[in-house]
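Q: I'd like to go through this model piece by piece. Can you put it up?

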Amino acid sequence: MELHVKGELNRHGGFSAAFDLTVPLAGVTAVLGPSGAGKSTLLRCIAGLERDSKVAVRLGDERWQDEHTFLPPHLRPVSMVFQDGRLFPHLTVRQNLMFPLEQRTRSGARLSLDTVIETMALEALIDRRPATLSGGQRQRVALARALLTPARLWLFDEPMSSLDGTARREIGPYLARACRDHRVPVLYVTHALDEVHHLASRILVLNEGRVIANQSIDAVGKLTPVGEHAYGGAVLRGRALGYSSEYDLTELGIGRHRLVITGRIEKDSEVSVLVAARDVSIALQDVANVSIQNRLPASIVSITDEPSGSCLITLDCEGQQLASRITRRSAHQLELAPGRSVVALIKSVALAGAAP
Amino acid sequence: MNQELITAGGVTIALATVTTLILMSFSPLIAWWLARSTSRMRAAAEALVALPLVLPPTVIGFYLLIAMAPDGVIGAPWMALTAQPLAFSFAGLVIGSILYSLPFAVQPLVAAFRSMDFGLLDAATVLGASPRARFLRLVLPLNRRALIAAAALCFAHTIGEFGIVLMIGGNIAGETRVLSIALFDQVEALRYAEAHVTAFVLLVASMLLLTCIYVAQRPVRES
């Protein structure tokens, strides 16, 4: 099943967007881009909340919106979680959760209230009013409420960006669990790639109302960097060699080289890890006396200057691509050039991609 | 004397109650349309609703009197339906009061609806709520203070009505003679002692009602 969105949208404030995209709907698609790029607008068009737009929306063969049709938003099989939760202030948590169950406008499978209350751990909050909840709790209720709405597509509009670090850590596992357990495709808008890299199988990057990248996460190393936001990164494939319980680390084999990653991974399983370009530094030879564990020999493929005084260096490591973002000054002082052999120092490595 | 006051008071309260009930049954819908519509007709409709605020009541009364005549646009069908004339009847008074108090029902609601959090309505929409469900489950309960205030204002304003009643209601005891008219009669007949009582009753009742409205409107955190 594919989602097609195509058309222009102009707002009075001067914001305009020209969408033209086709997204295969499976798993989680991360929608990235700086503020004002049109990420939320895209979701609102899909949900039917931008009534005046001339944007055509189609899910597979079903035309939701074009010149001749407009499927009212309450009839579209989408469910949405907003940045600010939007719990109904005059209803208790239970009444908020009951709200989508009481609407009879949509058909389709519904999860049971009890199941959702249990998996989202909401029992203790059930009779409280939204005003008495913390930000993280509110967002958990909002997520649960969205899960109770029959939908074939979930739209998450920066569900964590209004939360502080503690609240993020609190809700993160619930979001991840919802994405993994329910097999409903998700468009997940976020500023931060690290919020979704362990869930997303695809990335859509918007800038100034236009799609500038739309690709599977395997190809993320070729991403265009957007403004000041470091979305560049690369995916390395490797095989788990062994786990050390003492350090809670798993060693991965990347060709002839070794990479360590936090946590336990089943021996011999093939995994993808995401390495953000900003987490990769470059040394001319291997250095022993640093805390950085992951040091991979690589050769420089290309160097691209960027406007903010940085440059993006593409590296080849055993046939796999890796990206590094360093300052132009460093690149100059180290006399980096295509073809040169270097060592990539990788500060952090994260498991990538919910394998479909 | 007391009997006259009680009868006129009864008519006044009956008129205010019926008028308020009828107005509150459809004003929220008009107000919702005015608050949300982007139609070019909106400004004209809003001006029409506000018209009774600036027009002398005698002007409204005059046109109503003509419309309510047995061969008028409202009076003729009414006659056909009920075999009763509409002018100088309680029903005619109710129609006049509805027009006269309409802005007092609609305007506070428009203001409240315009300032409500439309994001909540979007949230309800993506949860599958139809426009009707959104109105009944969110708009009305979230604006219940404004609804109470609008109803109370209608009630108070109808009690204070004079000009229209004078034009279309006449002065039939127990049918169309309200307190404001009774006071007018008493003064005209130089019955000042009785006029003092009537005026004082109206003054105190109005003050009490308004106090209730403003107490109900004090800001309270939603929790």
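Q: Which residues of β7(A) are buried on one side and which on the other?
A: A:Leu153, A:Leu155 and A:Asp157 are buried on one side, and A:Trp154 and A:Phe156 on the other. Buried means that 20 or more other C-beta atoms, placed from the backbone, lie within 10 Å of the residue's own. Strands are DSSP E runs of at least two residues and helices H or I runs of at least four, numbered from the N terminus. This is a predicted model, where local features need pLDDT of at least 70, side-chain atom pairs count only at pLDDT 80 or more, and totals for chains, interfaces and linings use all residues. Residues are numbered from 1 along each chain as its sequence is written, with chains lettered from A and ligands numbered from 1 in the order in which they are written.

Q: What does β7(A) pair with?
A: β6(A), parallel, over 4 bridges, and β8(A) (residues 186-189), also parallel, by 4 bridges. Pairing takes at least two DSSP bridges. A:Val81 stands opposite A:Phe156, and A:Leu187 in β8(A) is the bridge partner of A:Leu155.

Q: Switching to the contact with chain B: how many residues from each chain?
A: Chain A gives 22 and chain B 16, counting C-beta atoms, placed from the backbone, within 7 Å.

Q: Which element gives the largest share on the chain A side?
A: β6(A), with 3 residues.

Q: And chain B, where is the kink in α1(B)?
A: At B:Phe26, about 35 degrees, shortly before B:Pro28. The bend is the angle between axes fitted to the seven residues ending there and the seven starting there.

Key: Two residues are in contact if their C-beta atoms, placed from the backbone, lie within 7 Å. A residue is buried if 20 or more other C-beta atoms lie within 10 Å of its own, exposed if 12 or fewer, and partly exposed in between; C-beta atoms are placed from the backbone.
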